[in-house]
Amino acid sequence: MSEPTLTGEVLRYTAFSTDPAGGNPAGVVLDASRLTDDAMLAIAADLGYSESAFLTAPAPDGAGEPGRAFTIRYFSPKAEIPFCGHATVATAIALAERIGAGDLVFETLAGTVPVTVAATRDGGPPRATLTSVEPHVEEVAGTDLAEALAALDWPTGDLDPDLPPRIAYGGARHLVVGAATRARLADLSYDFARLEALMHRLDLTTVQLVWRESADVFHVRDPFPVGGVVEDPATGAAAAAFGAYARELGLVPEASVLTLHQGVDMGRPGLLTVELRAGDARVRVSGAGTAIPAKSF
């Protein structure tokens, strides 16, 4: 039997949900070898999703099994970004449907990202688990935090003192800000241009707003003005960064499984699973995904 052919067709998948109307939609091109940078950006802008992913074959000496290793690039409607978690999950599931479940390797601008796709026991949509690049967490300057809060119109009294603001990285940089209440998180109306300017200056991909429901359950929202959209519905890269943040600050045990709810306030609920392993600094982010039917475009 001949090997499946990966085409240059623009596919549409959602990540972190089994419902095409939930999670975070992404454009996926499984063979972008003939596309220029301008063409990829134009496709991403035309789709209007927060990110789209474009695959090409890796260099001959790249990591991974032949036929299961790829170079992947991510474009928002405005610009290329170094790493995108939800588009990685969406792409991995699209690939698995064509070449089978198992291990994949993606070479990104941020580094090598292994992904494992596993079929579910009940025969439902598969789940993908990505392993982040080495993460890190850093302090945020008081003046920069003040500017972010001003752009968000969040008084300092609305912050959760147990979730101190930090900049966290798991392939892309995110400013993590904790909300004291679920109502504060739900009320999001911010100065798009002002927050965008700050994020460009700090090289941030999103601002991750977090409310802690319980020891290992969190609700998050991710304003994404630098990508040309108001909010990202389910953000795998920020989930990886948040896992590193939570472990670095001692908010969770070194080995933990965290549940992140995102997209509820946008009407696109998604579920992200974050796994931290003892002795491994990297963060694993898992979620389901499914194709978006043509009639839903």
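Colleague: Which hand does the crossing of helix 3 and helix 5 have?

Modeller: The crossing of helix 3 and helix 5 is left-handed. Keep in mind that this is a predicted model.

Colleague: At what angle do the axes of the two helices cross, and within what distance do they come?

Modeller: The axes of helix 3 (residues 142-152) and helix 5 (residues 192-202) cross at roughly 155°. They come within 8 Å. An angle over 145 degrees counts as roughly antiparallel, so helix 3 runs roughly antiparallel to helix 5.

Colleague: Which residues make the contact?

Modeller: From helix 3, Asp144, Glu147, Ala148, Ala150, Ala151 and Leu152. From helix 5, Arg194, Leu195, Leu198, Arg201 and Leu202.

Colleague: Switching to the core. Which residues touch the most other members of the largest nonpolar core?

Modeller: Phe106, Phe242 and Leu260. That core has 57 residues.

Colleague: What does Phe242 touch?

Modeller: Leaving out residues up to four places away in sequence, Phe242 touches Val176, Gln208, Val210, Phe218, Leu258 and Leu260. There is also another core, apart from the largest one, with 26 residues. Leu145, Leu152, Val177 and Leu185 are among them.

Colleague: Now backbone angles. What is the phi of Phe16?

Modeller: Phi of Phe16 is positive, about 70°, although Phe16 is not a glycine. Phe16 sits in the loop between strand 1 (10-15) and strand 2 (24-29).

Colleague: Is Phe16 buried or exposed?

Modeller: Buried. Its relative accessible area is 2%, and the cut-off for buried is under 20%.

Colleague: And what about the phi of Asp203?

Modeller: Asp203 also has a positive phi, near 55°, and is a residue other than glycine. Asp203 lies in the loop between helix 5 and strand 12 (206-212).

Colleague: Why does Asp203 count as exposed?

Modeller: Because its relative accessibility is 54%, and exposed means over 50%.

Colleague: How far is the C-alpha of Asp203 from that of Arg173?

Modeller: The two C-alpha atoms are separated by 6.8 Å. Along the chain, Asp203 and Arg173 are 30 residues apart.

Methods: Residues numbered from 1 in each chain as written. Predicted model: local features only at pLDDT ≥ 70, side-chain atom pairs only at ≥ 80, totals over all residues. Heavy atoms only, no water. Axes fitted to C-alpha atoms, helices over the stretch in contact; angles between N-to-C directions. Helix = DSSP H or I, 4+ residues; strand = E, 2+ residues; numbered from the N terminus. Parallel < 35°, antiparallel > 145°, perpendicular 65-115°, else oblique. Left-handed = near helix turned anticlockwise from the far one by under 90°. Contact = heavy atoms within 4.5 Å. Core = buried A, V, L, I, M, F, W, Y, C linked by side-chain atoms within 4.5 Å. Buried < 20%, exposed > 50% of the residue type's maximum accessible area, 1.4 Å probe, protein only.
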